[in-house]
Amino acid sequence: MEKNILLCGVGGQGTVLASRLIALAAMEKGLDARTAETIGMAQRGGSVFSHVRIGEQVFSPLIPYGQADAIIGFEPGETLRCFPYLKKDGVIVVSKKAVKPVTATLSTSDYDGSAEIAYLQQHHDKVVVFDTEEALKQCGSGKVLNVLLLGALIAHGDIGITLEEMQHAIEKKVPERFRELNQRALAIGAAL
């Protein structure tokens with residue numbers, strides 16, 4: 001069983017922590033896990049991509065085009081940018097909240113991510129779009145988008161990690177003062 005998960009978003013959304021939680025959950029159950037991040041542009045608003053590969057034996061951290069079992073999209077435009085990595089039967093879990101890039105702000109563009117989501121839905125069968133703004137209100141914090149989307153992916157796609165295994169990874173990796181909030185976000189994401 002090998003699973004490839006690509007996480008994409010912008011700096012400050014918790015993409016890297018989410019990838020490390022997946023890897024930790026996999027290693028805790030005795031699987032190999034390899035990760036690679038593109039975080040050079042990880043200042044607020046810059047693109048961030050994390051490759052996570054888990055399985056019995058994993059030799060490379062990078063997911064080849066067309067081999068991702070799942071994409072967790074923290075932002076619609078970044079999700080569309082990663083679309084070529086997805087397998088034909090893969091699943092996309094994406095937040096419908098767009099993060100307007102500086103270039104769009106300067107050009108007074110009306111980017112809202114809806115065209116990108118429509119494209120994904122027209123070209124792929126398994127696209128799960130979440131109103132993460134409403135869900136984050138239920139969580140009581142806007143800082144748990146990453147774990148909220150992890151919960152949603154675990155509920156909607158077979159990534160080889162159960163909700164209980166992710167709860168355990170959160171217990172080990174997240175500082176104590178944020179654990180309950182993250183556990184709540186995971187449960188809300190899975191329920192949605």
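Reader: Let's start with A185: is that residue buried or exposed?
Author: A185 counts as buried, because its relative accessibility is 0%. Keep in mind that this is a predicted model.

Reader: Where is A185 found?
Author: A185 is in helix 8, which covers residues 176–191.

Reader: And what does A185 touch?
Author: Leaving out residues up to four places away in sequence, A185 touches C139, V144, V147 and L148.

Reader: What happens just after helix 5?
Author: G140 takes a positive phi there, of about 90 degrees.

Reader: Switching to strands. How many residues of strand 3 are buried?
Author: Nine of its nine residues, 47–55, are buried. That goes for both faces: S47, F49, H51, R53 and G55 on one side, and V48, S50, V52 and I54 on the other.

Reader: How many bridges join strand 1 to strand 3?
Author: Eight, and strand 1 (residues 3–10) runs antiparallel to strand 3. Within that pairing, G9 stands opposite V48 in strand 3.

Reader: And what about strand 2 and strand 3, in which sense do they pair?
Author: Strand 2 (residues 32–38) pairs with strand 3 in the antiparallel sense, over seven bridges. Here T35 stands opposite V52 in strand 3.

Reader: New topic. How many aromatic pairs does the structure hold?
Author: Two. One of them is Y65 with Y85, a tilted pair at 4.6 Å centre to centre and 35 degrees between the planes. This pair links distant parts of the chain: Y65 lies in the loop between strand 3 and strand 4 (68–73), while Y85 lies in the loop between helix 2 (76–82) and strand 5 (86–95), 20 residues apart.

Reader: Why does Y65 count as exposed?
Author: Because its relative accessibility is 60%, and the cut-off for exposed is over 50%.

Reader: What do F83 and Y119 form?
Author: They form an edge-to-face aromatic pair, 6.4 Å centre to centre with 90 degrees between the planes. This pair links distant parts of the chain too, with F83 in the loop between helix 2 and strand 5 and Y119 in helix 4 (residues 114–123), 36 residues apart.

Reader: So is F83 buried or exposed?
Author: F83 counts as buried, because its relative accessibility is 18%. Y119, at 35%, counts as partly exposed.

Reader: Last thing, confidence. What pLDDT does the protein chain average?
Author: The average is 92, and 92% of the residues score at least 70.

Reader: Which element has the lowest mean pLDDT?
Author: Helix 3, residues 102–106, with a mean of 59. Helix 4 has the highest, at 98, and helix 4 is the one that holds Y119.

Methods
Residues numbered from 1 in each chain as written. Predicted model: local features only at pLDDT ≥ 70, side-chain atom pairs only at ≥ 80, totals over all residues. Heavy atoms only, no water. Buried < 20%, exposed > 50% of the residue type's maximum accessible area, 1.4 Å probe, protein only. Helix = DSSP H or I, 4+ residues; strand = E, 2+ residues; numbered from the N terminus. Pairing = 2+ DSSP bridges. Phe/Tyr/Trp six-rings, centres within 6.5 Å; stacked < 30°, edge-to-face > 60°. Contact = heavy atoms within 4.5 Å. pLDDT = per-residue confidence, 0-100.
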